Amino acid sequence: MFRRILRQLLYAAALILAVLVLNFLLIQLAPGDPAEVIAGEMGGASAEVMAAIRQQYGLDKPLLTQLGLYLGRALQGDLGMSYFYNRPVVDLILSRLGPTMLLVATALGFALIVGTRLGMLASRNPRGIASALVTVLSLVGYSAPVFWTGLMLVILFGATIPLFPIAGMIDVVKQGGLLSRVLDIAHHLVLPALTLGLVYLAQYSRLTRASMLEVLGADYIRTARAKGVSERQVFGRHAFRNALLPVVTVAGMQFGAIISGAVLVETVFSWPGLGTLAFQSILARDYPTVLGILFFSTLIVIIANLLTDFVSRLLDPRLAGGR
Amino acid sequence: MTAPARTTVPAARGPMAEAWDIFRRSPSAMLGLALLILVMGMTFAGPHLYQVDPFEIVWAPLTPPGEEATIPLGTDNLGRDILAGLIAGGRATLAVGFAAAAITMLIGVLIGAYAGFYGGIVDDMLMRVTEFFQVLPPLLFAMVVVTLFQPTLVNVALAIGIVSWPQTARLTRSEFRRIRTLEYVSAMRAIGAGDGNIIWRVILPNALPPLIVSATLTIGMAILFEAGLSFLGLSDPNVMSWGLMIGSGREYLLDAWWVVTLPGAMIFLTVLGVSLVGDGLNDAFNPRMRER
């Protein structure tokens, strides 16, 4: 058990290192002087700044030394300076991490809870209304670009039914205590989380339905029914718990895609997270920030994968023993 | 003298003909095919039937659809013809979509085939590489690549291909692992066929059905990707595309719904067509899985 966890942690560390090397290579491979790439192509970097960058990154030294310097500083939590925001990249990212995690967690929670329930409902009657809904939803969820769905919601709620705010995270005009601030953020969260969640709601409902139908044909379900276990118990406990496993695995594996989706959704709703930061720093050619965000998102994905593996083992004792 | 009586023998039917039969009978698959033919027809025949430059300013900005007879779908924020944009925009989107899917399949099948066929240390190494690419958030990585290098259509397609191949590689690998143990592969080996021969001429054709389905879904995904990148303004600004139209019109969406709604609907219908065809192919190749 401990050996396996240790092995997985080592493997995760190797992946993190590999991502850092990739970041370094991207700067080197980009056309132009790496110092200019790091300073950002704002044209405004003074000679002193350029000299400081050259010295700090060791750009006059051999490539391997540069890589070593880069890795050494990155592992100490120094991902460089954003010359556009004039702040250390790590600070900048940490200040934007919260909103993104809030958005992703809400969307994912919504998609998982509603999606699995809907899929379970659909599996009771493969020709019923719930099943048709799952089919339509999964087609729309897969085919509609997430940013377009968001914009359609903006039109709907911004012009036709002004129920929810369509941009930002906090109302600057509103003042008040903690509770009213929390409610304000929750109010702003509705549309972005709904937009992002719908895509995954569609996938999870379809996946749950498919895996429920498969599980319901299994011998142990027949045994449960033969023993006289109520239909509710058969569905809710015996089948559902087992059918959940592929959903959890897929949800965990998709974390990278969800973060990518969040970039688009944040841009649509001006949500002040990593996605908008990524977009703004790309427009500003602020590469240290952009690469820092890439690194952090990858880190989140790696952690999410570790957690998924852990949760799958909790859900399925068969996995806990071997492999 | 009479000709000898002929008994009619039904023509031997290949698995492909059988699959097409199943495909043809599925209403949703045919709807998907119709949608795709419609979009392709609009993209390739459209420019000849409706000769308006999508970048040319033809009328007052933000003219609603139907207000001017010569501009059936209205104009955007610069006064450019929306219909002309929709027709021209399909070309870039479809080209990048197909090219990216081709790159994805090429890398994915190559890596998956070697990993699955050889197993052991080759498999281990290749799968580590695959896992590395799988933890990269796809859109963010593509965004970085496109900005560090030039946002040309080729680079956009390459960027999408680079982030999309791991799934194909995993699928190919599992198919190869399954097929390489089958008897006809052992038989080929017994008569002295080389590895390359077995991989590409024996196993690959038999692994094709799931790969074709996956290629279809990859096209849909690549189209969405291209749309996302150009919506963010990270695609080639000199080429009209549906995503670009949405991106440049989004500031006006509360006054002019058509500027973003129509190009988005085109993306939606195209990807819907692709995914319906993909589902249809899946059913056609795996008749037993149809209840899913």
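This is a predicted model: local features need pLDDT of at least 70, side-chain atom pairs count only at pLDDT 80 or more; totals for chains, interfaces and linings use all residues.
**Exercise 1. Confidence**

In chain B, in which helix is confidence lowest, and in which is confidence highest?

*Solution.* Chain B has a mean pLDDT of 81, with 90% of its residues at 70 or more. Among the helices of chain B, the lowest mean, 77, belongs to α1 (residues 15-25), and the highest, 88, to α6 (residues 153-179). For the model, the scores are ipTM 0.83 and pTM 0.84.

**Exercise 2. Two chains in outline**

*Solution.* Begin with secondary structure: chain A has 14 helices and two strands, while chain B has 10 helices and zero strands. For extent, taken along the principal axes, the C-alpha trace of chain A spans about 80 × 55 × 40 Å, and the C-alpha atoms of chain B fill a box of roughly 75 × 70 × 35 Å. Turning to burial, 40% of the 323 residues of chain A count as buried, and for the 292 residues of chain B the share is 48%. Finally, among contacts between residues at least 6 apart in sequence, those that join residues at least 24 apart make up 72% in chain A, and the corresponding share in chain B is 71%.

**Exercise 3. The side of chain A that touches chain B**

How many residues of chain A are in contact with chain B, and which element gives the largest share?

*Solution.* The count is 38 residues of chain A, which are in contact with 32 residues of chain B. The elements of chain A that contribute two or more residues to this side are α1 (2-29), α6 (129-143), α7, α8 (178-216), α11, α12 (274-283) and α13. Of these, α13(A) gives the largest share, with nine residues. Sorted by class, this side of chain A holds 30 nonpolar, eight polar and no charged residues.

**Exercise 4. A helix pair in chain A**

At what angle do the axes of α11(A) and α13(A) cross, and which residues make the contact?

*Solution.* Two packed helices are described by the angle between their axes and the distance between the axes. The axes of α11(A) (residues 255-269) and α13(A) (residues 287-315) cross at roughly 140° and come within 9 Å, and the crossing is right-handed. From α11(A) the contact takes A:Phe255, A:Gly256 and A:Ile259, and from α13(A) it takes A:Ser297, A:Ile300, A:Val301 and A:Ala304. By class these are five nonpolar, two polar and no charged residues.

A:Ser270 has a positive phi of about 50° although it is not a glycine, and with 14 other C-beta atoms within 10 Å, A:Ser270 is partly exposed.

**Exercise 5. Helix α9 of chain B**

Why is α9(B) described as largely enclosed by the rest of the structure, and how does α9(B) pack against α10(B)?

*Solution.* Helix α9(B) covers residues 242-249, and eight of its eight residues are buried, so α9(B) is largely enclosed by the rest of the structure. The buried residues of α9(B) pack against α7 (146-160) of chain A, and also against α3 (82-118), α8 (195-231) and α10 (257-285) of chain B.

For the pair α9(B) and α10(B), the axes are 8 Å apart and the angle is about 155°; α9(B) is therefore roughly antiparallel to α10(B). This crossing of α9(B) and α10(B) is left-handed. On α9(B) the contact is made by B:Trp242, B:Met245, B:Ile246 and B:Gly249, and on α10(B) by B:Val259, B:Val260, B:Pro263, B:Gly264, B:Met266 and B:Ile267. By class, these residues divide into eight nonpolar, two polar and no charged.

**Exercise 6. A proline in a helix**

Is B:Pro166 buried or exposed, and which residues does B:Pro166 touch?

*Solution.* First locate B:Pro166, which lies in helix α6 of chain B. Next apply the cut-off, by which a residue is buried if 20 or more other C-beta atoms lie within 10 Å of its own; B:Pro166 has 24 other C-beta atoms within 10 Å and is therefore buried. Leaving aside residues up to four places away in sequence, B:Pro166 touches B:Thr130, B:Phe133 and B:Gln134. B:Leu136 is 30 residues from B:Pro166 in sequence, and their C-alpha atoms are 11 Å apart in space.

Notes
Residues are numbered from 1 along each chain as its sequence is written. Chains are lettered from A and ligands numbered from 1 in the order in which they are written. Helices (H or I, at least four residues) and strands (E, at least two) are DSSP runs, numbered from the N terminus. A residue is buried if 20 or more other C-beta atoms lie within 10 Å of its own, exposed if 12 or fewer, and partly exposed in between; C-beta atoms are placed from the backbone. Two residues are in contact if their C-beta atoms, placed from the backbone, lie within 7 Å. Axes are lines fitted to C-alpha atoms, for helices over the stretch in contact, and angles run from 0 to 180 degrees between N-to-C directions. A crossing is left-handed if the near helix is turned anticlockwise from the far one by less than a right angle, and right-handed if clockwise. Ala, Val, Leu, Ile, Met, Phe, Trp, Tyr, Cys and Pro count as nonpolar, Asp, Glu, Lys and Arg as charged, and the others, Gly among them, as polar. pLDDT is the predictor's confidence in each residue, from 0 to 100. Angles under 35 degrees count as roughly parallel, over 145 as roughly antiparallel, 65 to 115 as roughly perpendicular and the rest as oblique.
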